[in-house]
Amino acid sequence: QVQLVESGGGLVQAGGSLRLSCAASGRTFAMGWFRQAPGNEREFLAAILGVTTYYSDSVKGRFTLTRDNPKNTVYLQMNSLKPEDTAVYYCAASKRWAEAVTPSEYDYWGQGTQVTVSS
């Protein structure tokens, strides 16, 4: 069983930046980030598989996902944050070598970290 530990959430003003981290306790393949605002479904943001990263249109150009393989850690750099980015952010990991953009394609989840962007 792989555990994911997230960190880096918090409160930031609109236009500001935050960096989220997610450390995995074991080997994983695809790793991604989702977010969920109250009353909304869990939304795919970004994922990385090998050297390939892919993003949702809502964050492309503002968020950057990187991976440190020796540390089994991924980082989500979030710039130009907007109030509509406010949500709980979740890290996820998959046991399979395949692109994964829906929650059902992931096997492990972090506990979530709150990101609040004030206007």
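Q: Which residue stands opposite Glu-6 in β3?
A: Cys-22 stands opposite Glu-6 in β3. Strands here are DSSP runs of E with at least two residues, helices are runs of H or I with at least four, and both are numbered from the N terminus.

Q: Before we go on, what kind of model is this?
A: This is a predicted model, where local features need pLDDT of at least 70 and side-chain atom pairs count only at pLDDT 80 or more, while totals for chains, interfaces and linings use all residues. Residues are numbered from 1 along each chain as its sequence is written, and side-chain values use heavy atoms, with hydrogens and water left out.

Q: Ok, back to β3. How many bridges does β3 have with β1?
A: There are 4 bridges between β1 and β3 (residues 18–24), and the two run antiparallel. Two strands pair if DSSP finds at least two bridges between them.

Q: And which sheet is that part of?
A: An open sheet of 4 strands in the order β1-β3-β8-β7, with antiparallel pairing. Its edge strands are β1 (4–7) and β7, each pairing on one side only. From one strand to the next, the twist averages 15°; axes are lines fitted to C-alpha atoms (for helices, over the stretch in contact), and angles between N-to-C directions run from 0 to 180 degrees.

Q: What's at the β7 end? Which strand do 6 bridges join to β7?
A: That's β8 (residues 73–78), antiparallel to β7. Within that pairing, Phe-63 has Met-78 as its bridge partner in β8. The hairpin of β7 and β8 has 4 residues between the strands, and Asn-72 takes a positive phi near 55° there.

Q: Which residues of β7 are on the covered face?
A: Phe-63, Leu-65 and Arg-67 are on the covered face of β7 (residues 63–68), while Thr-64, Thr-66 and Asp-68 are on the uncovered one.

Q: New topic: how many salt bridges are in the whole structure?
A: A search finds 5. A salt bridge here is a side-chain nitrogen of Lys or Arg within 4 Å of a carboxyl oxygen of Asp or Glu.

Q: Which residues are linked in a network?
A: Arg-35, Glu-43, Arg-62 and Asp-85 are linked in a network of salt bridges. In one of the contacts, Glu-43 meets Arg-35 at 2.8 Å, N to O.

Q: Is Arg-35 buried or exposed?
A: Arg-35 counts as buried because its relative accessibility is 8%, whereas Glu-43 is partly exposed at 30%. Buried means under 20% relative accessible area, exposed over 50%, and partly exposed in between (1.4 Å probe, protein chains only).

Q: What about Lys-60, which residue forms a salt bridge with it?
A: Asp-57 does, with the closest N and O atoms 3.5 Å apart. Both Lys-60 and Asp-57 are exposed.

Q: And which residue forms a salt bridge with Arg-96?
A: Asp-107, where the closest N and O atoms are 3.3 Å apart. Both sit in the loop between β9 (87–93) and β10 (108–109), 11 residues apart. Arg-96 is partly exposed at 39%, and Asp-107 is partly exposed at 29%.

Q: Let's look at Val-117. Where is Val-117 found?
A: In strand β11 (residues 113–118). Val-117 counts as buried, at 5% relative accessibility. Among the residues that Val-117 touches are Val-12, Ala-14, Leu-81 and Pro-83, leaving out residues up to four places away in sequence; contact means heavy atoms within 4.5 Å.

Q: How far apart are Val-117 and Leu-81 in space?
A: 6.8 Å, C-alpha to C-alpha, though they are 36 residues apart in sequence.

Q: And which strand holds Tyr-54?
A: β6 (residues 52–55). Tyr-54 is buried at 12%, and its contacts include Phe-44, Leu-49, Ala-98 and Val-101.
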